[in-house]
Amino acid sequence: MTTIEYDVVVIGAGPVGENVADRVVRGGLTAAIVERELVGGECSYWACMPTKALLRSASALRAARHLPGAREAVTGDLDAAAVLGRRDSFASHWQDDGQVSWLESAGIALHRGQGRISSARVVEVTGVDGVTTTLTARHAVVVATGSSALLPDIPGLRESTPWSSREAASASSVPRRLAIIGGGVVAAEMATAFAALGSAVTVLARDGVLPSAEPFAGELVTESLREAGVSVRLGAEAVAVNRDDSGAVHIQTASGERVEADEVLVAVGRTPNTQDIGLDRVGLAPGAWLAVDDTLRVVGGGEWLYAAGDVNRRVLLTHQGKYQARAVGDVIVARAKGEEVQDERWGRHVATADERAVPQVVFTDPEIASVGLTAAAAEAAGLRIRVVDYDLGAVAGASLHADGYRGHARMVVDEDRKVIVGFALAGPDVAELIHAATIAIVGEVPLDRLWHAVPAYPTVSEVWLRLLETYGR
């Protein structure tokens, strides 16, 4: 058995783990990263990049068909093989050579295998050859193992070899019929993608479509999916699944309906990848989410153990995990060097934005972009709010962007402080508009000052002026 010492050991080489290790090395410490699968993680191969590649071609085609002149130039439908080929390129054909090269260039040591914490500051890595290497951390161990798709206990589901988000993102062909159990982000995006690629899609959305978003978002996406030929069954709950000898999947709902498909995608949530990383060796529960303090130290795990990204359940989004990673890496360096820890609200070593300033984009048709609190969440938090709505399609820039532009904008205002605490947009190509709202919320910019942020004309960003006018001065 080989023993190697580093300042910091990171378990998990996804975007979060990579960013932790990078910040640590940039701060003058040594770092090793442990990975049992592909360096680059879920986002690089089965989520963010490949799924958006699946969606982008259809989005461009829809945009062209909504513009006279461009519409006439479109003479065919999507080439599914070409779309899948482009997706493959964004997934690097499921090879991590490029990511490994980046680790080497950044001075980060890579150890492939299953990493398990064996005692305080010690991680044992078991390679595919069965050889174990012991890594000792002088200062910290960081768990950045992410999450996996949750498979609910529906009778017959596991035996029916369902798709998770991974199989959907990496599918080598387009199924003739696709059933989707769930109505959240993954379900809505994959319904959009596979319907455009030619599948007959059925969505069983027990809790509705995009139930965590503002209600208008789910309503617009549901309407659009149905217009695209998707059967959206709101309130439908799958209670039994089986795959017959011909390969067809049969799904029974609580109301007695039956759905038949060639593949079934389960998209009902996530579960933490903490089952086999040695948590029991340090008094924590295997398979559990890891609670953390403001500086992302694991509660009950000792001063040396941190958790960043999905695994701490604060926010299950790649960009927010990377944000946490930067804070974790920097605070580990500060503590190692005896420097001041800036753990006040919005300090360098905390992830304050996780609380009420999280941006998110759902790449459906229409796109849904939001940041901060929904109106319902703001009320639940005890804020005295005013909700301001505006028809995004009525903005001059939107009418130029596409004929028949349909969209909606919402601003949630904290009436006591006169600042925005929530902002949501639905409409074609609104993803690139949301960062302005993120800045306004993080900066707690007063509405009186926002009147002086004049949007260029004619752009869709003019909706900011229209929302302020609706609110009143």
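Before anything else, a word on naming: helices (H or I, at least four residues) and strands (E, at least two) are DSSP runs, numbered from the N terminus. Hello everyone, and please keep in mind that this is a predicted model, where local features need pLDDT of at least 70, side-chain atom pairs count only at pLDDT 80 or more, and totals for chains, interfaces and linings use all residues. Residues are numbered from 1 along each chain as its sequence is written, and side-chain values use heavy atoms, with hydrogens and water left out.

Let's start with helix α7. It runs over residues 185-197 and is followed by Gly198, whose phi is positive, near 115°. The helix has 13 residues and reaches 18 Å from first C-alpha to last, close to the 18 Å expected; that expectation is 1.5 Å times one less than the number of residues. Is α7 enclosed or open to the outside? Ten of its 13 residues are buried, so α7 is largely enclosed by the rest of the structure. Here buried means under 20% relative accessible area, exposed means over 50%, and partly exposed is in between, with a 1.4 Å probe and protein chains only. Among the buried ones are Glu189, Met190, Thr192 and Phe194.

Phe194 brings me to the aromatic rings. Rings of Phe, Tyr and Trp (its six-membered ring) pair if their centres lie within 6.5 Å; planes under 30 degrees apart count as stacked, over 60 as edge-to-face and the rest as tilted. By this rule the count comes to three aromatic pairs. In one of them, Trp163 and Phe194 have ring centres 5.7 Å apart and planes at 50°, so the pair is tilted. This pair links distant parts of the chain: Trp163 sits in the loop between β7 (147-149) and α6 (165-169), 31 residues from Phe194. Both Trp163 and Phe194 are buried.

While we are at β7, have a look at Ser147, which belongs to that strand. Ser147 is buried, with a relative accessible area of 4%. What does its side chain make a polar contact with? The partner is the side chain of Asp310, at 2.7 Å. A polar contact is a pair of N or O atoms within 3.5 Å; within protein, one must be able to donate a hydrogen and the other to accept it, and residues adjacent in sequence count only if both atoms are side-chain atoms. Not counting residues up to four places away in sequence, Ser147 also touches others, including Arg270, Asn273 and Trp289; contact means heavy atoms within 4.5 Å.

Next, helix α9, residues 318-337. It has 20 residues and reaches 29 Å from its first C-alpha to its last, close to the 28 Å expected. Its buried residues include Gln324, Ala327, Asp330 and Ile332. Covering them are, among others, β1 (2-11), α1 (15-26) and β6 (132-143). α9 is followed by Gly338, with a positive phi near 70°.

Past that point, in the loop between α9 and α10, you find His349. It is buried, at 3% relative accessible area, and its side chain reaches the backbone nitrogen of Gln342 at 2.8 Å. Leaving out residues up to four places away in sequence, His349 touches Ala327, Asp330, Val331 and Ala334, among others.

Now the nonpolar cores. A nonpolar core is a set of buried Ala, Val, Leu, Ile, Met, Phe, Trp, Tyr and Cys residues joined through side-chain atoms within 4.5 Å. Which residues touch the most other members of the largest one? Of its 49 residues, they are Ile117, Val141 and Ile332. The largest share of this core, six residues, comes from β6. A second, separate core of 34 residues includes Ala191, Leu210, Val232 and Ala267.

On to the cysteines. A search of the whole structure finds one disulfide, meaning a pair of cysteine sulfur atoms within 2.5 Å. Cys43 and Cys48 form it, with their sulfur atoms 2.2 Å apart. The torsion about the S-S bond is about -135°, so the disulfide is left-handed. Cys43 is buried at 13% relative accessible area, whereas Cys48 counts as partly exposed at 21%.

My last stop is Ala431, in the loop between β21 (419-427) and α13 (434-442). At 13% relative accessibility, Ala431 counts as buried. Ala431 and Phe363 are 68 residues apart in sequence, yet 8.0 Å apart in space, C-alpha to C-alpha. Thanks, everyone!
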